[in-house]
Amino acid sequence: MTSMSVNMVHAVRATQEADVYNIHCNITDYLGASYDTDYCSRPDDTVGVNPLIRQWLRDNPGFQIEPYIPPDPPTEDELRQRMRSLTARQFRLGLVNADISPSTVTAAIAGMPAGSDQDKAQIEWEYATTFNRTHPLIATVGTALGLSDAQIDALWVAAAAL
Amino acid sequence: MLSARWRSSRPPAHKASVYTGGTRDETNFPIGHTILVETGNADIKERNSAHAIYLNSSYGYGFGGGGAQLAGTWRARGGYDSPGSGAWAYCFVRTA
């Protein structure tokens, strides 16, 4: 087993938790590999290089600790990217609960301009077993049915619980 | 800046070990402990890259959110994209 070490401390940043820091440092890990990394130092963690980092913090009280800066809130697109995928069953039940029958979706796809987009939508509707919120079919069907993004979001969240 | 290498005087803490606790919201895992981390669609984490990992809801781990951050350095050991579902999951190991 290789001896771990803290080779250099580059920066110390506060976090949203008191006395918890993100340390940008160079370490040698338990496999003997040395690299620059971010290390989360918690006051009650007693393993790895954390005791060394805590000792270093005590020995260097004048080292500037950068303040915690909350991350920007996720955009609507990022939130949709994170939404859980729905099974075909959940998706169809969610539509029905929103008063949109499967036949309405079929009709909406049939009403699309003939071409590859319509063919792809038809294939996805018939054969996809799961759907992402950002799946192209969702936007296509949503537009055809006159649904807003917010309405689809609400449908999605409700369907995920079915 | 730290000029000298700091080494632990407690050798047992260097060794990979087995987590024997049962706390749901544990944040301080032993070296070598592995976890599965859920991420968003196509949010790729390259092998051996290090990332901050947080408690996510009551059952998982994530790369952000309001949960407590796990102590230490965590490196990716491989991921899986469930075809068509957009569900990505990565194995991470605590390395320091």
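**Helix packing and cysteines**

Guide: α4(A) passes α5(A) in a left-handed crossing, the near helix being turned anticlockwise from the far one by less than a right angle. This is a predicted model, in which local features need pLDDT of at least 70, side-chain atom pairs count only at pLDDT 80 or more, and totals for chains, interfaces and linings use all residues. Residues are numbered from 1 along each chain as its sequence is written, chains are lettered from A and ligands numbered from 1 in the order in which they are written, and side-chain values use heavy atoms, without hydrogens and water.

Visitor: Are α4(A) and α5(A) roughly parallel or roughly antiparallel?

Guide: Helix α4 (residues 102-110) and helix α5 (residues 116-127) of chain A pack with their axes 9 Å apart, at an angle of about 160°. Angles over 145 degrees count as roughly antiparallel. Therefore α4(A) and α5(A) are roughly antiparallel.

Visitor: How many disulfides does the structure hold over all chains?

Guide: A disulfide needs a pair of cysteine sulfur atoms within 2.5 Å. For A:Cys40 the nearest cysteine sulfur, that of A:Cys25, is 11 Å away. For B:Cys91 the nearest, that of A:Cys40, is 19 Å away. Over all chains, the number of disulfides is 0.

Visitor: Is A:Cys40 buried or exposed?

Guide: Buried means under 20% relative accessible area, exposed over 50%, and partly exposed in between, with a 1.4 Å probe and protein chains only. B:Cys91, at 27%, is partly exposed. A:Cys40 has 1% relative accessibility, so A:Cys40 counts as buried.

Terms used
Axes fitted to C-alpha atoms, helices over the stretch in contact; angles between N-to-C directions. Helix = DSSP H or I, 4+ residues; strand = E, 2+ residues; numbered from the N terminus. Parallel < 35°, antiparallel > 145°, perpendicular 65-115°, else oblique.
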